[in-house]
Amino acid sequence: MTALLTTVLKEARALDREDPLQHFRERFEQPSGIVYLDGNSLGAMPCAAKSVMADAVNRQWSKDLIRSWNDNQWINAPKRIGAKISRLVGADPDEVIVADSVSVNIFKLLSAICRNRPNSKRIISEAGSFPTDAHVASGVADAMGLTLDLVPRSELLDHLDHQTAVLLLSHVHYKSGARFDMASVNVEAARHEIPVVWDLSHSTGAVPLHLHEDQTQYAVGCGYKYLNGGPGAPAFIFVRSDRQEALQAPLQGWMGHSAPFAFDDAYQPAAGMGRFLVGTPPILSLLALESGVDEFADVDMKQVWQKSRSLFQFLVGLMAKHCPQLKLMTPTDECQRGSHASFSSPDAWPINNALIARGIIGDFRTPDVLRFGLTPLYTGFEDIAHAVAVLNELLTTGVWNQPEYRKSAVVT
Ligand SMILES: *Cc1c(COP(=O)(O)O)cnc(C)c1O
């Protein structure tokens with residue numbers, strides 16, 4: 001053990017002992033020899049997921065078969081899990097439904113909203129944000145004869161005008177970790193009567209969300225990041241109750257029909273959020289997601305955010321002292337950031353690979369960003385102590401600078 005690790009571990013263990021959420025850590029799989037700081041990209045596996053999946057496979061699918069749609073409540077899973085998520089985002093149970101991916105849900109919301117705004121000319125979103133948002137918005141704009149304006153963050157609000165159909169924003173920036181002030185953006189957009197669609201992918205399950213209080217009307221969010229729903233877990237959609245009936249689903253599938261088993265030729269949308277379902281939901285994935293969401297059942301989200309703040313301060317303090325070569329990109333003001341910390345370095349790619357080779361799993365975002373996700377339910381202060389000590393050693397010895405760490409990969 002290095003001298004540095006000995007010192008920082010002492011402090012870290014004291015912080016872990018005082019942590020009111022400490023007991024949640026054992027509810028998630030902890031592979032030995034791994035410090036996992038990438039739960040903002042793929043959440044850790046809840047231990048309960050194993051028995052949930054075993055039951056889904058060994059009983060529900062194999063024995064109960066098609067009867068499970070009724071007997072095991074498969075048919076209600078999208079609404080049931082949506083209702084559980086609603087508490088975490090400050091919404092009502094009938095305002096959230098789980099369906100499809102974030103990308104598809106953005107398509108559904110943007111298309112439905114733009115359809116109701118025939119005199120508008122453009123969709124506005126942020127330049128350099130998570131690309132799926134811009135890609136989907138560009139497809140919707142093409143299909144509806146609109147333009148898409150991708151605007152730098154600092155100029156966004158100046159671009160809003162009466163010709164804007166909708167503003168699409170990612171609440172927490174995937175790269176920098178910068179967070180919009182949702183309430184004030186909503187107020188500013190409302191002054192121009194512009195609806196805002198919020199992408200909560202990097203917020204839900206970590207960052208404070210008060211959709212009602214902040215006057216939010218539309219949002220989507222991700223199941224496999226801080227909600228720990230498993231790889232490719234279904235996503236969710238939120239529409240405030242007073243906006244639901246006005247939206248016509250652009251993908252009119254039978255599962256979004258008011259009576260799917262009436263097998264009518266004519267489409268009749270389900271009341272409320274049900275209309276945002278399209279085809280048969282992926283039950284195995286939904287049940288895995290539910291096991292992740294259920295871990296939050298008794299959690300005070302204020303404590304979650306408090307822990308994220310403490311983890312951030314601990315990490316950033318240690319990094320400034322022991323790894324000053326890496327420059328913090330994430331705003332330090334807690335109201336202006338999410339739950340990951342990003343550092344820039346021209347050597348971020350090989351440094352990240354050298355870290356992974358030593359069991360410290362963060363991630364890299366092109367061209368020069370190292371990200372460390374702080375997932376309050378299972379990240380410990382000790383994890384951070386280990387990560388910084390290893391990083392310090394890599395940087396002081398220069399061992400990250402080897403050809404094997406410069407090899408490219410398909411997924412980063
Ligand atoms: C992770 C993420 C997504 C994921 O989209 P999928 O369609 O579910 O793959 C979307 N938007 C943002 C901002 C994200 O961070």
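Me: In this predicted model, which residue forms a salt bridge with glutamate 126?
Reply: The structure is a predicted model. Glutamate 126 lies in strand E3 (residues 122–126), and its partner is in the loop between strand E4 (147–151) and strand E5 (164–170), so the pair ties together parts that are 27 residues apart in sequence. The closest N and O atoms are 3.0 Å apart, and the partner of glutamate 126 is arginine 153.

Me: Is glutamate 126 buried or exposed?
Reply: Buried means under 20% relative accessible area. Arginine 153, with a relative accessible area of 27%, is partly exposed. Glutamate 126 has 5% relative accessibility, and therefore counts as buried.

Me: How many residues apart in sequence are the parts that arginine 13 and glutamate 382 tie together?
Reply: The side chains of arginine 13 and glutamate 382 meet in a salt bridge with an N to O distance of 3.2 Å. Arginine 13 belongs to helix H1 (residues 3–18), while glutamate 382 belongs to helix H12 (residues 381–397). The parts that this pair ties together are therefore separated in sequence by 369 residues.

Me: What is the relative accessible area of glutamate 382?
Reply: Arginine 13 is partly exposed, at a relative accessible area of 38%. Glutamate 382 is also partly exposed. For glutamate 382 the value is 25%.

Me: What separates glutamate 188 and arginine 191 within helix H7?
Reply: Glutamate 188 and arginine 191 form a salt bridge, with the closest N and O atoms 2.8 Å apart. Glutamate 188 is partly exposed at 21% relative accessible area, whereas arginine 191 is exposed at 59%. Both residues lie in helix H7 (residues 182–191), and because they are three residues apart, the separation is about one helical turn.

Me: Which residues do salt bridges that share partners join into one network?
Reply: Side chains of opposite charge can pair when their charged atoms come close. The count for this model comes to 20 salt bridges. Through shared partners, salt bridges form one network from Arg80, Lys84, Glu290 and Asp294.

Me: Which helices each supply at least two residues of the shell around the ligand?
Reply: The ligand is surrounded by residues including Val102, Ser103, Thr132 and Asp133. The shell residues divide into three nonpolar, six polar and three charged. Those helices are H5 (102–115) and H6 (131–144).

Me: Which residue has a side-chain N or O atom 3.4 Å from a nitrogen atom of the ligand?
Reply: An oxygen atom of the ligand is 3.1 Å from a backbone N or O atom of valine 102. A polar side-chain atom of tyrosine 224 lies 3.2 Å from an oxygen atom of the ligand. For the ligand nitrogen, the side chain at 3.4 Å is that of aspartate 133.

Me: How much of the area that the ligand exposes when taken alone does the protein bury?
Reply: Taken alone, the ligand exposes 400 Å². Of that area, the protein buries 88%.

Me: Which residue has its backbone oxygen 3.4 Å from a polar atom of the side chain of serine 170?
Reply: Serine 170 lies in strand E5, and at 7% relative accessibility serine 170 counts as buried. Not counting residues up to four places away in sequence, serine 170 touches Ser129, Asp133, Arg153, Phe180 and Asp199. The backbone oxygen at 3.4 Å from the side chain of serine 170 belongs to valine 172.

How values were computed
Residues numbered from 1 in each chain as written. Predicted model: local features only at pLDDT ≥ 70, side-chain atom pairs only at ≥ 80, totals over all residues. Heavy atoms only, no water. Salt bridge = Lys/Arg side-chain N within 4 Å of Asp/Glu carboxyl O. Helix = DSSP H or I, 4+ residues; strand = E, 2+ residues; numbered from the N terminus. Buried < 20%, exposed > 50% of the residue type's maximum accessible area, 1.4 Å probe, protein only. Near = heavy atom within 4 Å. Polar contact = N/O pair within 3.5 Å; in protein donor to acceptor, adjacent residues only side chain to side chain. Areas by Shrake-Rupley, 256 points an atom, 1.4 Å probe, with all protein chains shown as cover. Nonpolar A, V, L, I, M, F, W, Y, C, P; charged D, E, K, R; others polar. Contact = heavy atoms within 4.5 Å.
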